[in-house]
Amino acid sequence: MRKIDWARKLTSRKFWAAVVGFSAPLMTMLQVSDSTAVQVTALIMAGGTLIAYIIGEGMTDAAAADYTTGKEDGKDA
């Protein structure tokens, strides 16, 4: 069984679109008001954007740190 790369998954726009694509019809089925559904959808997308930014910056910082220390792919140069 392959291990899930959560950092990559959480930075994927397709993943967040799928989350919204699942939750919006679910809220419709549960007869949630339109304004609440819009607010929840906006909150999911805003959270997804924030998570993707934080993880992306962390990955960039880690790569820059490896570059400045002379490491590539976790091995000493």
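A crossing of two helices is left-handed if the near helix is turned anticlockwise from the far one by less than a right angle, and right-handed if clockwise. I noted this first, as H2 passes H3 in a right-handed crossing.

**Entry 1: the model**

I recorded that this is a predicted model, in which local features need pLDDT of at least 70 and side-chain atom pairs count only at pLDDT 80 or more, while totals for chains, interfaces and linings use all residues. Residues are numbered from 1 along each chain as its sequence is written, and side-chain values use heavy atoms, with hydrogens and water left out.

I looked up the confidence, given as pLDDT (the predictor's confidence in each residue, from 0 to 100). The protein chain averages 84, and 90% of the residues score at least 70. Confidence is lowest in helix H1 (residues 6-10), with a mean of 83, and highest in helix H2 (residues 13-29), with 89.

**Entry 2: the elements**

I found 3 helices and 0 strands in the protein chain. Helices (H or I, at least four residues) and strands (E, at least two) are DSSP runs, numbered from the N terminus. The order from the N terminus is α-α-α. I also looked up burial, where buried means under 20% relative accessible area, exposed over 50%, and partly exposed in between (1.4 Å probe, protein chains only). Of the 77 residues in the chain, 12% count as buried.

**Entry 3: H2 against H3**

How do H2 and H3 pack? I read an angle of about 165° between H2 and helix H3 (residues 34-69), with their axes 10 Å apart. The axes are lines fitted to C-alpha atoms, for helices over the stretch in contact, and angles run from 0 to 180 degrees between N-to-C directions. H2 and H3 are therefore roughly antiparallel to each other; angles over 145 degrees count as roughly antiparallel, those under 35 as roughly parallel, 65 to 115 as roughly perpendicular and the rest as oblique.

I then listed the residues in contact, meaning heavy atoms within 4.5 Å. From H2 these are Trp16, Val19, Val20, Ser23, Ala24 and Met27, and they meet Ala37, Val40, Thr41, Ile44, Met45, Gly48 and Ile51 in H3. The residues of this contact divide into 10 nonpolar, 3 polar and no charged. Ala, Val, Leu, Ile, Met, Phe, Trp, Tyr, Cys and Pro count as nonpolar, Asp, Glu, Lys and Arg as charged, and the others, Gly among them, as polar.

**Entry 4: single residues**

I checked Ile51 in helix H3, which is partly exposed at 31% relative accessibility. Leaving out residues up to four places away in sequence, Ile51 touches Leu10 and Trp16. Ile51 and Thr11 lie 40 residues apart in sequence and 7.0 Å apart in space, C-alpha to C-alpha.

Ile55 is also in helix H3. Beyond its neighbours within four places in sequence, Ile55 is in contact with Ala7, Leu10 and Thr11.

Is Gln31 buried or exposed? I found Gln31 in the loop between H2 and H3, and exposed, with a relative accessible area of 72%. Gln31 has a positive phi of about 60° although it is not a glycine. Most residues other than glycine have a negative phi.
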